[in-house]
Amino acid sequence: MTDARVLLDTTVSTTEEMGALGARLAAVLRAGDLVVLTGPLGAGKTTLTRGLGAALGARGQVSSPTFVLARTHPTSVGPDLVHVDAYRLSDPVELDDLDLDWDAAIVVVEWGRGFVDGISDAVLDVEIVRATGADASTDGLDPDDVPDEPRRVVVTATGDRWADVSL
């Protein structure tokens, strides 16, 4: 297995750019891939996933997973997109209880750090860092209502699957 390596370290300034980054990720994803999204509320995790889903031709609206623990979106170009929210789960056993098809789908898990350990040897970890403080308080807003502001996005790959992949 390869060590973790940074595939991308960039600044994303608008919701459109975040969606475009999701589309860029979609171009390298295939069945069995696990993507873990980390970042505070309002960081752009769902916006990124919407861009990924649009590029894959996902059926149905990719909505904030706050409203559902996991949703499967059939796609027009290949494997299903499974969008998961680990935020409300108390431990990894509850994630396992969702009985997801890890091998046949592209699985995107928001708040998944610490919950997906051991599920796959190949993980694409996407961390979105946004400003903190009074000026950045958008917690509780719908992702579509969060104002544009720069965010640092770091995509780190772990596992042999990602050895020859570049973004």
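Trainee: Quick one to start: how many Å² does the accessible surface of the chain come to?
Mentor: About 8,200 Å², and 49% of that belongs to carbon and sulfur atoms. Keep in mind that this is a predicted model.

Trainee: OK. And what share of the residues count as buried?
Mentor: 45% of the 167 residues in the chain.

Trainee: How many helices and strands are there in the chain?
Mentor: Three helices and seven strands. Going along the sequence, you read β-α-β-α-β-β-α-β-β-β.

Trainee: Which way do the E5 residues point?
Mentor: Ile106, Val108 and Glu110 go one way, while Val107 and Val109 go the other, and all are buried. As a rule, side chains in a regular strand alternate between the two faces of the sheet.

Trainee: Which strands are joined to E5 by bridges?
Mentor: E2, residues 34-38, runs parallel to E5 and is joined to it by four bridges. E4, residues 81-85, is also parallel to E5, with five bridges.

Trainee: What do E4, helix H3 and E5 make?
Mentor: A right-handed β-α-β unit, with H3 spanning residues 92-97.

Trainee: Switching topic to the largest nonpolar core. Which residues touch the most other members?
Mentor: Leu52, Leu81, Leu124, Val126, Val153 and Val155, out of 28 residues in that core. The elements giving two or more residues to this core include helix H1 (15-26), helix H2 (45-56), E5 and strand E7 (151-158). H1 gives the most, with four residues. In soluble globular proteins generally, nonpolar side chains tend to be buried together.

Trainee: What does leucine 52 touch?
Mentor: Leaving out residues up to four places away in sequence, leucine 52 touches Gly19, Gly22, Ala23, Leu25, Ala26, Leu29, Leu81 and Val108.

Trainee: And which residues does the second, separate core include?
Mentor: That one has 15 residues, among them Leu89, Trp102, Val107 and Val123.

Trainee: Last one: of the contacts between residues at least 6 apart in sequence, what share join residues at least 24 apart?
Mentor: 69% of them.

How values were computed: Residues numbered from 1 in each chain as written. Predicted model: local features only at pLDDT ≥ 70, side-chain atom pairs only at ≥ 80, totals over all residues. Heavy atoms only, no water. Buried < 20%, exposed > 50% of the residue type's maximum accessible area, 1.4 Å probe, protein only. Pairing = 2+ DSSP bridges. Right-handed = clockwise from strand over helix to strand, strands pointing away. Contact = heavy atoms within 4.5 Å. Areas by Shrake-Rupley, 256 points an atom, 1.4 Å probe, with all protein chains shown as cover. Core = buried A, V, L, I, M, F, W, Y, C linked by side-chain atoms within 4.5 Å.
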